[in-house]
Amino acid sequence: MNRAEALIVGGGAIGLSLAWELARRLRPVSVIQPEQERPAASWAGAGILPPAANCAVVDPYEQLKSLSHRLHGQWAQRLLEETGVDTGFRRCGGVYLATSRAEVATLTAQEYWWEQYSIEYQRLTTAELLKLEPQLSSYGRSPIFQSWLLPGECQLRNPRHLKALRIACQNLGVNFLSANIAEIRVDAAGQAELKSTQGDKFTADRICLCTGAWARQMLEQLNLPNGILPVRGQMVLYNSQRPILSRIVNEGHRYLVPRDDGHLLAGSVEEEVGYVIETTPEALEQIQNWACSVLPQLNHAQVVSTWAGLRPGSFDGLPYLGAVPGTRNLYCAAGHFRSGLHLACGTAQVMANLMLGTGNQIDLSPFRVGRG
């Protein structure tokens, strides 16, 4: 039997963030990672951190997003100081393009939301857009009807961020274990225990399931309804030797994310294909066709890598955060969909507060575990 004060199941952005937060307050902490090379969602993401509310808000989800957005810059600095790893956190800003009248209407309506939450934005004329991003002058598809600049949009480099979190956890004595959890058992007193495929047993005073899309299967073992589902995304990584863009470019659910060293990420698609993590020629072609239509220069850029990942979607768009009903020591933090990295800092803080009984200023009831 392996026992710790706190046990985190899952080594992605949510799990590592929570482990780091707990390890600063509590000893000992352990993290169980599945026997696979990379977290299926956290490593694969683009690292976009959209701007969040800059004023007092009452909606719990917006409160969580605002808290997390504020923490990201602080965490990046602290991780750099503690680990020497630059996570690639940059307040680069984001450009939003509307290439159809429907997209113009959608983003125009979005202005009301930005104003309500004091999010800085600017409508751009074509001349203003091209002054900011001259390479968009060769945009090769339908005309850009309208564009917006959101200066508060930030980015992280996912692999570097995860590396820094892991080192920071190790520096605080977090114990990393490799196991595939096959079963959750809850005794008559409500005490949860985990069993691996190899027969190893794990328990702790506090256990948190941070397993992304796989949390669905774990909660189903406990006969708890949940709307978590895997949604596959795919990505193309280019190398243009030097940066083509200065800011993130968004069009609908697709994006281009420039890195300082000339790499550029292009994504993405949303596919409900179950627990299948593999790229497809059709999706990659779709992403590349779009990316090259925005920046024809990419036709001559090197494709460094392609990959797929599973986002943990939820039926109502809200993550599952809280204690697992019917248990004394089991918690869940999963179902963040496309916002796992963005919400990781805030999620870590509120879940650590909950698990240690220190109270939260954010009402977690909308995120309760066990809702249908």
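In which strand is the place of N250? N250 sits in strand β13, residues 248-251. Strands (E, at least two residues) and helices (H or I, at least four) are DSSP runs, numbered from the N terminus. The model is predicted: local features need pLDDT of at least 70, side-chain atom pairs count only at pLDDT 80 or more, and totals for chains, interfaces and linings use all residues. Residues are numbered from 1 along each chain as its sequence is written, and side-chain values use heavy atoms, with hydrogens and water left out.

N250 counts as buried because its relative accessibility is 7%. Buried means under 20% relative accessible area, exposed over 50%, and partly exposed in between (1.4 Å probe, protein chains only). The side chains of N250 and E153 are joined by a polar contact of 3.0 Å. Leaving aside neighbours within four places in sequence, N250 is in contact (heavy atoms within 4.5 Å) with I48, G94, V95, Y96, L97, E153 and Y255.

T203 belongs to strand β11, residues 201-209. T203 is also buried, at 8% relative accessibility. A polar atom of the T203 side chain lies 3.1 Å from the backbone oxygen of A192.

Helices α2 (residues 60-83) and α5 (residues 158-171) pack at about 60°, with axes 9 Å apart. Axes are lines fitted to C-alpha atoms over the stretch in contact, and angles run from 0 to 180 degrees between N-to-C directions. From α2, W75, L79, E82 and T83 meet H161, A164, L165, I167, A168 and N171 of α5.

Methods:
A polar contact is a pair of N or O atoms within 3.5 Å; within protein, one must be able to donate a hydrogen and the other to accept it, and residues adjacent in sequence count only if both atoms are side-chain atoms.
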